[in-house]
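Here's a quick briefing to read with the structure open. It starts with one chain as a whole, then zooms in on a single residue.

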Amino acid sequence: MKKGLKASLALSLVASMVIAGCSTNNGGNTPAATEKPSTSNNQATTAPANEEPIEISMIGSTWDVPTEDNTYVQQYLEEKFNVKFINYRANDENFKVKIAGGEIPDIFPHNIGEADMVNWARQGVIASISVDEIKQYMPNYVADVESVDPNAWDIGIVDGKNYGIPRVWLNGSTGFIPTYNGEWLEKVGMSAPTTLEEFEQMLNKFRNDDPDGNGQKDTYGMTGRGKDARAQLFNTIYAAYGVNPYHFKVADDGSIIWGGITEEAKEATKLLNKWYNDGLIDPEFMTDDNTLIGQKFNTKKVGFIENNMYHHLYGQLATFAENGITPVYGKGLMGPAGKSLQMSNGALQVPLLLGSHLEKDDAKRIRILQILDELATNDEIYATTVFGEEGVTYEIDNGVPKLVEPYATDADARLGKGIGGYYNPFVERAVSTWKFHMPQDRLEFKEQLTAGAEVISDVLGPSVMDSKAKYFANLSALQDEYFTKAIIAKNEAEVETILEDFKGQWLKAGGQEVIDEANKLYQERQAAK
Amino acid sequence: MESDSVENAVQPKIKKKKSAKHDIRAVWREYRKSKYLFIMLVPTLIWYAVFHYGPLYGIQLAFKDFSPMKGIWASAWVGWEHFNFLFFQSPDFMRIFRNTVIISLYNLVFGFPAPIILALLLNEIRFGMFKKIAQSISYIPHFFSWVVLAGIVTVMLSPSAGPVNYILSLFGAEPIYFLADSNYFRPTLVITGIWKEIGWGTIIYLAALAGVDPSLYEAAKMDGANRFRQIWNITIPSILPVITIMFILQLGGILNAGFDQIFNLYNPAVYDVADIIDTYVYRAGILGAQFGLTTAVGLFKNIIGITLVLTTNYIVKKLGQEGVL
Amino acid sequence: MKATTGENIFQVILITIISLLCIVTIYPFIHIVSVSFSSPSEAIRLGFHLYPKDIDLTAWNLVLSQKKIWIGFGNSVFRTVVGTFLTLFVMSLCAYPLSRKYLPHRSFYTMVILFTMFFGGGIIPTYLLIKELNLMDSLWVYIVPGLIPTFSMLVLRNFFMSIPTEIEECSKIDGANDIRILFQIVLPLSKPVLATLALWTAVGHWNAWFDAVLYVTDQKKQVLQFFLREIVITNADKETLGRANIENLKHESAIKAATVTFAIFPILVVYPFLQKYFVKGTMIGSLKG
């Protein structure tokens, strides 16, 4: 039984690596490392025991800060690697203040924003590390990352130098899943739409044919995240046109263009405008946020949502059941783009950063790189830092570690052991250890929702751009306003005028500079391949 | 005559010396007379020196590009760059400035008197129990953060499911999308703001009302004054010192138009009337603009604030009231 | 007869208006309490929530069973009680001299203090200062840096200024010094204002979280608001498997409501006790005496 399970796990692991490689690899050279079998129990490269333990000021995450020192995990790691940890304590709000006050750790939290990375790089707060050095001392991890997206190295480059260890988020390469109310589909006699035409049909029926059967016309086809996440607003429709108004994409002539000023975005908006004027879209989309959308779907006011990725949906299964809803999942809609597409945020994330003083301390820096490689890819070490002690805090269930009570529900109990992202900033961020987070049912769920789905995402990822920092505060507000006006415009002609006007305004207000810089960046990356 | 002028020439000099010394000694005598007052005051001044004047050097960040590695003193000087970003790089600084001022003025004109009026009304109630309960209930919304209240308000004002529009429909009116309509958004802000703070605001005025001598009312009643005369001629003048200081100090915060409230209630459909200085800075901050920009914005707001306070204080004093200074 | 009827009508109208206002202002509280006791499907129902149609105590169990809630509660109580008392004391020491018109260079000192209301060094220098003074991770960091809220102090000062000067003159003739006058005569006369400022200060302490977040990393010294915010974030976290209990996710709305209620409730209970200070005519009798 176990053997078969291991085999199927290994198979699905390879399968997901291949799929991930296919969808994000733009034809660049896949390093030979992809053929390497999943790394299992390598010998951890422990330092010679008679050397002085090196001190590491650690804060892998601001969310899982242990309350006590010398927790189980801390002791385990100290012994394993012959190091001594200085537990740097901070949270999201005060971390930046501490940095400003000069308290700089060796290992930074994994959840940093790209703007901070740029600032800190220029201010000399973080260390620049050569790509070759990372490749040399973190071979296993690098192989992992490059198998997901070889472009991961691009994100960490500031002013020509590399500033961190690249990170990818596997979930990030999955898309936002179109989710339908199964009971409603049945009532109106449809299956999940696969084209824009079918989708429009469904919207009409959801709005006019009383799908919840209460005799009142109080239901809508859909609403949207008009208030708190504009990039997700009507993302399924925009994806059917091959665009997202808040992403960079490659235009037909090979240059980079901003989604918001493309013809595709305009056409998609015209369609949305038509639906809005037909009364198919909930007019309150402008003030709906993530919470309200969930509420409206669960209280059967709308029949379609698109603000969740598969792991969100996995977590909401209990809620859907509680409210008597059978969710039906789609893969995307066929539209002018010629294929079914889902929008995704992309797998690229801001790299893991190290403190600038490590630029001078070669031995320590190299040691840290080695340790990080183990944390990310060594089964035993990963399992211990993320799950704790077998038999005490977790058990193997279905081939996968599963936390037991009280550790499963009590966050403090976990922190008491030192479990979590604090000592391992690569939680759920490395392909080789992905298997630990995928119990059979979750794996199947993911497969069901994402297999065969094609995604579009921002071609540049979370990139460093000076013009962004300068202009985006205005440009994004400008875009939000104009697109809202366009969607609720009186007729198609008005949509045309509004969006043409927007294009002009946007370019004038700094957008042109942004596009120019984006193109330059893109050229540099293409040339470096 | 000549001796006179010589004397005169000498005298003034001596007089000056004497009066200078005399002045210092006079001052010292004044201080000694108020010795106990200073025994009380000086420790508090020390506290202000340590906790408020000590950190004051941080203001220079408004003109610097802060680098943690260099610290505040050694960070690079960038002059007016942050202010440029604020005023000139935003294509429409006039808009956010105008929104900020207009919303603040609405709040001042409508929001400031509201608790005073409510306090006066509560003061007139004769049923003690009811009055106590009403007071306790009235300040409840103050304790909710706008994160929570915005959720409630959004549903209450919903054009489809909200009670306010339901009531409107009973009168035959069309539903109004308050939170997404530029014409209604600012009034909505003001009214919900009053709803949240009115009860809490009455507390200080009720305290002031408690200090009014009842015998004054007795005398007025005997002179035949009705309720409104009494309020106008006795109550209001008695609590005017409290009113003026509350007014002056709140005027100092005029460029804070209520970030929390606006941030949680606004959406792109109403940016044109609701985008204020702080929301702009917040967006800029997300993209990494740091302590320098926020210090610069704070400095700008504060300079305007204190100018207003000093000006109003001057006017108020000319009108014969106690001010801030 | 006529006057009484008119008076009665006035009272009726008044009470009606005030009652309507009360209904509107109490609604958020009823809503939140109701949601906190609601089952997951009831909690997310759009519309009025006057009482839970479907009762579920899970949210309250989850919130109250966390030990840290009670640690935070204790720290918050300490901070509020000690902080408010000390603030009232020190504020009076500051406000009284500034209220005496004969204080030498009175304008100057007032200006110096007023200035600090508008100009401050910002987060970083303050952070460095706190570190320098060894106040990090100490319960006193909640009290000392914020000891004198200038706005309140000025309100108090103005109130002191409105007390008739005859009272002071009488006492001075009797041989009392300023300190005695303040504590034995002026403060007792200032009960309503002191009660108000005590309430302002206490609420400020009770709701404060930013200083806690900035200066305190020792979880044993953290305040209630900090843990409450944490609970809402931790229990609603959807990102990482293994960190969140999926089952709890459906109770998310109720949990948030319960934490809000728990934070507000103590204050609502305290105010009625302070009301006795808001009694009319506290000042009469002093002159006649």
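What follows is a short tour of chain C and one of its threonines, C:Thr126. Keep in mind that this is a predicted model. Chain C has 14 helices and zero strands, while C:Thr126 sits in helix α6.

**Chain C as a whole**
- The chain runs to 289 residues, and 55% of them count as buried.
- Take the contacts in chain C with a separation of 6 or more: 70% of those come from residues 24 or more positions apart.
- As for surface, chain C exposes about 12400 Å², and carbon and sulfur atoms supply 69% of that area.

**Where C:Thr126 sits**
- Helix α6 of chain C covers residues 123-132, and C:Thr126 is part of that helix.
- Buried or partly exposed: which is C:Thr126? Its relative accessibility is 21%, so C:Thr126 counts as partly exposed, given that buried means under 20%.

**What C:Thr126 meets**
- Set aside the neighbours within four places in sequence, and C:Thr126 is in contact with B:Pro55 and C:Tyr215. One of these partners, B:Pro55, belongs to chain B.
- Within chain C, the side chain of C:Thr126 reaches the backbone oxygen of C:Gly122 at 2.6 Å.
- C:Pro145 is 19 residues from C:Thr126 in sequence; C-alpha to C-alpha, the two are 9.2 Å apart in space.

Technical notes: Residues numbered from 1 in each chain as written. Chains lettered and ligands numbered in written order. Predicted model: local features only at pLDDT ≥ 70, side-chain atom pairs only at ≥ 80, totals over all residues. Heavy atoms only, no water. Helix = DSSP H or I, 4+ residues; strand = E, 2+ residues; numbered from the N terminus. Buried < 20%, exposed > 50% of the residue type's maximum accessible area, 1.4 Å probe, protein only. Contact = heavy atoms within 4.5 Å. Polar contact = N/O pair within 3.5 Å; in protein donor to acceptor, adjacent residues only side chain to side chain. Areas by Shrake-Rupley, 256 points an atom, 1.4 Å probe, with all protein chains shown as cover.
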